[in-house]
Amino acid sequence: MPLWTIHHTPGIFSAADKRELAARITDHYERVGLPRFYVVALFQETAPEDLYVGGEPTPAGVRIVIDHIARRAGDKETRQRIAVGIKKILAPFLERHPDVHWEFHVDETSEDLWMINGLIPPPGGSEAEKRWAKENVVSGY
């Protein structure tokens with residue numbers, strides 16, 4: 001499961017922006033074989049007086065925490081490719097705000113501590129996971 005928690009100050013994302021960004025994020029993971037329902041994007045609007053960078057309140061800021069559980073990057077080159085891909089997803093939304101401070105990081109969490117609807121997801125790339133992706137629904141396997 002990729003979980004994107006997007007902390008942002010007001011005015012950075014419209015409702016339409018959120019919908020489009022969530023769709024782009026989901027499309028990205030679907031292209032690498034994950035079921036669409038694995039992807040969760042959570043937008044958390046944060047008042048400028050509650051977002052500090054370098055000890056100072058930030059009038060326009062975005063901080064994104066991404067948890068990857070379903071897959072792990074095998075090496076530095078793959079991790080860098082992932083970071084560049086994430087930047088490509090985000091840049092159209094954030095670079096239109098010239099004074100915004102934005103950053104992200106990705107954590108890789110153990111898949112052993114993950115369930116969906118009370119089920120342990122099938123192994124990555126397995127026939128059961130491919131069926132979940134095709135049907136876009138959690139089911140027994």
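## The open sheet

Let's start with the sheet of this predicted model. Four strands make up an open sheet, in the order β2-β1-β5-β6, with mixed pairing. Two strands count as paired if DSSP finds at least two bridges between them. Helices (H or I, at least four residues) and strands (E, at least two) are DSSP runs, numbered from the N terminus.

At the edges you will find β2 (40–45) and β6 (101–108), each of which pairs on one side only. Neighbouring strands of this sheet are turned by 15° against each other on average, direction ignored. Axes here are lines fitted to C-alpha atoms, for helices over the stretch in contact, and angles run from 0 to 180 degrees between N-to-C directions.

## Inside the sheet and onto it

Look next at strand β1 (residues 2–8) and strand β5 (residues 61–68): they run antiparallel and are joined by seven bridges. Trp4 stands opposite Ile66 in β5.

Helix α1 (residues 15–31) packs on the sheet and touches β1, β2 and β5. Its direction makes about 155° with that of β1. Helix α2 (residues 76–94) also packs on the sheet, where it touches β1, β5 and β6. The direction of α2 makes about 145° with that of β6. Contact means heavy atoms within 4.5 Å.

## Two helices meet

The helices α1 and α2 pack at an angle of about 170°, and their axes lie 10 Å apart. They are therefore roughly antiparallel to each other, a label for angles over 145 degrees.

From α1, the residues making the contact are Asp17, Glu20, Leu21, Arg24, Ile25 and His28. From α2, they are Ile89, Leu90, Pro92 and Phe93. By class, this contact has six nonpolar, one polar and three charged residues. Here Ala, Val, Leu, Ile, Met, Phe, Trp, Tyr, Cys and Pro count as nonpolar, Asp, Glu, Lys and Arg as charged, and the others, Gly among them, as polar.

## The whole chain

Stepping back, the chain has three helices and six strands. From the N terminus on, its elements run β-α-β-β-β-β-α-β-α. The C-alpha trace spans about 50 × 35 × 25 Å along its principal axes.

## About the numbers

Residues are numbered from 1 along each chain as its sequence is written. In this predicted model, local features need pLDDT of at least 70, side-chain atom pairs count only at pLDDT 80 or more, and totals for chains, interfaces and linings use all residues, while side-chain values use heavy atoms, leaving out hydrogens and water.

Note on methods
Angles under 35 degrees count as roughly parallel, over 145 as roughly antiparallel, 65 to 115 as roughly perpendicular and the rest as oblique.
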